[in-house]
Amino acid sequence: MKALPMVAALVACASLAGCKNTHSVDWYKAHNTERIAKLKQCAADPGELQYTPNCVNAKKAAADLMLDPKNGKVPSL
């Protein structure tokens, strides 16, 4: 019976860990507002967030969009 609370706690932790959504590079390319917000959040706490999947994907999406020849704009450096 002592194992039951332990199992319940592990199931609760596993289910809560699955609540975080990781968005793809393509998703961030299609959602400007969310991409900009995520980039600001990542820049505000780079020590903790720099290598998280969403920060990496948002940065990649921003770079892809900036360097896209269809963009028609000169990338800012």
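The accessible surface of the protein chain comes to about 6,200 Å², and carbon and sulfur atoms hold 64% of it. The model is predicted.

**Figure 1. The overall fold has five helices and zero strands.** From the N terminus on, the order of elements is α-α-α-α-α. The chain has 77 residues, of which 12% count as buried. Among contacts with a separation of 6 or more, 49% involve residues 24 or more positions apart.

**Figure 2. A disulfide joins Cys 42 to Cys 55.** The structure holds one disulfide. Its S to S distance is 1.8 Å. The torsion about the S-S bond of Cys 42 and Cys 55 is about -90 degrees, so the disulfide is left-handed. Cys 42 sits in helix H3 (residues 32–44) and Cys 55 in helix H5, and the pair links distant parts of the chain, 13 residues apart. Are these cysteines buried or exposed? Cys 42 has a relative accessible area of 2%, so this cysteine is buried. Cys 55 is buried as well, with a relative accessible area of 1%.

**Figure 3. Trp 27 and Tyr 28 form an aromatic pair.** The structure holds one such pair. The ring centres of Trp 27 and Tyr 28 lie 5.1 Å apart and the planes meet at 85 degrees, so the pair is edge-to-face; the angle cut-off for that class is over 60. Trp 27 is partly exposed, at a relative accessible area of 25%. Tyr 28 counts as buried, with 2% relative accessibility.

**Figure 4. Lys 38 is a buried lysine in helix H3.** Its relative accessible area is 18%, and buried means under 20%, so Lys 38 falls in the buried class. Which residues does Lys 38 touch, not counting residues up to four places away in sequence? The contacts of Lys 38 are Tyr 28, Asn 54, Cys 55 and Ala 58. Among them are Tyr 28 of the aromatic pair and Cys 55 of the disulfide.

**Figure 5. Asn 57 is buried in helix H5.** Helix H5 spans residues 53–67. The relative accessibility of Asn 57 is 17%, which is under 20%, so Asn 57 counts as buried. Leaving out residues up to four places away in sequence, Asn 57 touches Thr 22, His 23, Ser 24, Val 25 and Tyr 28. Tyr 28 is also touched by Lys 38.

**Figure 6. Lys 29, Lys 60 and Asp 64 are linked in a network of salt bridges.** The structure holds two salt bridges. One is between the side chains of Lys 29 and Asp 64, at 3.3 Å, N to O. Lys 29 lies in helix H2 (residues 25–30) and Asp 64 in helix H5, so this pair ties together parts that are 35 residues apart in sequence. In the other salt bridge, the side chains of Lys 60 and Asp 64 meet at 2.8 Å, N to O. Lys 60 and Asp 64 both belong to helix H5, four residues apart, about one turn of the helix. Asp 64 is partly exposed at 23%. Lys 60 is partly exposed at 44%.

Definitions and conventions. Residues are numbered from 1 along each chain as its sequence is written. This is a predicted model: local features need pLDDT of at least 70, side-chain atom pairs count only at pLDDT 80 or more; totals for chains, interfaces and linings use all residues. Side-chain values use heavy atoms; hydrogens and water are left out. Helices (H or I, at least four residues) and strands (E, at least two) are DSSP runs, numbered from the N terminus. Buried means under 20% relative accessible area, exposed over 50%, partly exposed in between (1.4 Å probe, protein chains only). Contact means heavy atoms within 4.5 Å. Accessible areas come from the Shrake-Rupley method with a 1.4 Å probe; for residues, only the protein chains shown count as cover. Rings of Phe, Tyr and Trp (its six-membered ring) pair if their centres lie within 6.5 Å; planes under 30 degrees apart count as stacked, over 60 as edge-to-face and the rest as tilted. A disulfide is a pair of cysteine sulfur atoms within 2.5 Å. A salt bridge is a side-chain nitrogen of Lys or Arg within 4 Å of a carboxyl oxygen of Asp or Glu.
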